[in-house]
Amino acid sequence: MNKYKRNKISLIGAGQIGANLAMMAAQKNLGDVVMFDVVESMPMGKALDIHQTTPVQGLSSTITGTNSYADIEGSDLIIITAGIPRKPGMSRDDLLQTNAKIMTDVAQNVKKYAPNAFVIVISNPLDAMVYLFQKVSGMPKQKVLGMAGVLDAARFRTFISMETGVSVEDITAFVLGGHGDTMVPLPRYSTVGGIPLTEYPGLSAEKIDAMVKRTAGGGGEIVALLKTGSAFFAPAASAIAMAESILFDKKRIFPCAVYCEGEYGYKDMHIGLPAMLGAEGIEKILEVKLTAEEKSALDNSAKAVEGLKEDLKRLGFL
Ligand code: APR
């Protein structure tokens, strides 16, 4: 096998996030990109446009668009953003039903054409969608993961930087749990220049609490500002960081939606936990000590994720 063979990265969904994924994957030299979407010819148009940036950017990736799943055959890594956003008047069940139907179709096709790929799911509701993908496809648990925590941690890091004036480069953040209002940003395990946030000089508990709350509502804040659609630059950048760690065996530690088999006391569900990502996919899940209060917040988040799983069962998807 040629060690230097180009990777093939397929993007299922060529919407706002999909387009940014394609651009960033090329810029990071991750490999050749295939953009799939059900909308006729649109992915071909976006792919051609992005491909035409490569001469100017000095990049060697090819970017192609398709409406045929056969073109994702043999992909090394797949990132899924297929789905519809919640529309006014749409119930939570309606959204779950629509996106679960889409995810079932995506999972069947990924299994058919690229059973050996690593898969990163971005579609919402994230924890339920990655769980459903894994159940329908039956693909290995260590190769199927959800992107949420990297984005949530990036938001927390940005807010900490805005508050302290310190470069985001020197700020780390730890966010656990499901992707939604119940997520658990952990100030004790977040640092500014190596100093735990809770010990950082001049930073009050009230200010930390406000940043935690802003992080948990970070997606909604952007939706409200945009008026149509949801965040797409930072979600794309977050998934690309995860892809890079897997494809280049970087062994970075990221909060990811991973399949639990007893970690933190959770079983048979996907929830955001710190994981090491490398050439095997999810190589390790880290179990850290939590205070009673932190654990109860995580349990509360797990309960919300469990509720989505029950909804999927009730609607006949599992
Ligand atoms: N197969 C493939 N693609 C599909 C399917 C399907 N069955 N159904 C819809 N799509 C495509 C749409 O045609 C659209 O191009 O998914 C794309 C979604 O793109 P956008 O609506 O622009 O949404 P985006 O901002 O990219 O977000 C995608 O990620 O963060 C989550 O909540 C967000 O679930 C949403 C997803």
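This is a predicted model: local features need pLDDT of at least 70, side-chain atom pairs count only at pLDDT 80 or more; totals for chains, interfaces and linings use all residues.
Helices and strands are taken here as DSSP runs, counted from the N terminus. The peptide bond that joins N124 to P125 is cis, with an omega of about -5°. S41 sits in the loop between strand 2 (32-36) and helix 2 (42-51).

The ligand is surrounded by 16 residues, and the closest of them are Q16, I17, D37, T81 and N124. Three of these residues have polar atoms that can be followed one by one. From N124, a polar side-chain atom lies 2.9 Å from an oxygen atom of the ligand. D37 likewise places a polar side-chain atom 2.7 Å from a ligand oxygen. Q16 takes part through its backbone, with an N or O atom 2.9 Å from an oxygen atom of the ligand.

Stepping back to the whole chain, the domain assignment gives domain 1, covering 8-146, and domain 2, covering 149-314. Taken over C-alpha atoms, the centres of domain 1 and domain 2 are 22 Å apart. Contact between them involves 35 residues of domain 1 and 37 residues of domain 2. How much area is buried between domain 1 and domain 2? The figure is about 3100 Å², and carbon and sulfur atoms account for 73% of it. On the domain 1 side, L30, D127 and Y131 contribute 21% of the area buried against domain 2, more than any other three residues.

Polar links also run across this boundary. Six residue pairs are in polar contact between domain 1 and domain 2, counting pairs with both residues at pLDDT 80 or more. Several elements give two or more residues to the side of domain 1 that touches domain 2: helix 1 (16-27), strand 4 (77-80), helix 4 (92-113), strand 5 (118-121), helix 5 (126-137) and strand 6 (144-146). Helix 5 supplies the largest share of that side, with eight residues. By residue type, the side of domain 1 that touches domain 2 divides into 21 nonpolar, seven polar and seven charged residues.

Charged pairs complete the picture. Side chains of opposite charge can pair when their charged atoms come close. Across the whole structure, a search finds 16 salt bridges, and the count between domain 1 and domain 2 is two. The side chains of R314 and D93 form a salt bridge, at 3.2 Å from N to O. Another salt bridge is formed by K5 and D76, whose closest N and O atoms are 3.5 Å apart. This pair links distant parts of the chain, 71 residues apart: K5 belongs to the segment before strand 1 (8-12), while D76 is in the loop between strand 3 (63-66) and strand 4.

Note on methods:
Residues are numbered from 1 along each chain as its sequence is written. Side-chain values use heavy atoms; hydrogens and water are left out. Domain bounds come from an automatic or database domain assignment. Contact means heavy atoms within 4.5 Å. Buried area is the accessible area (1.4 Å probe) that two parts lose on being put together, summed over both. A salt bridge is a side-chain nitrogen of Lys or Arg within 4 Å of a carboxyl oxygen of Asp or Glu. A polar contact is a pair of N or O atoms within 3.5 Å; within protein, one must be able to donate a hydrogen and the other to accept it, and residues adjacent in sequence count only if both atoms are side-chain atoms. Helices (H or I, at least four residues) and strands (E, at least two) are DSSP runs, numbered from the N terminus. Ala, Val, Leu, Ile, Met, Phe, Trp, Tyr, Cys and Pro count as nonpolar, Asp, Glu, Lys and Arg as charged, and the others, Gly among them, as polar. A residue is near a molecule or strand if one of its heavy atoms lies within 4 Å of it.
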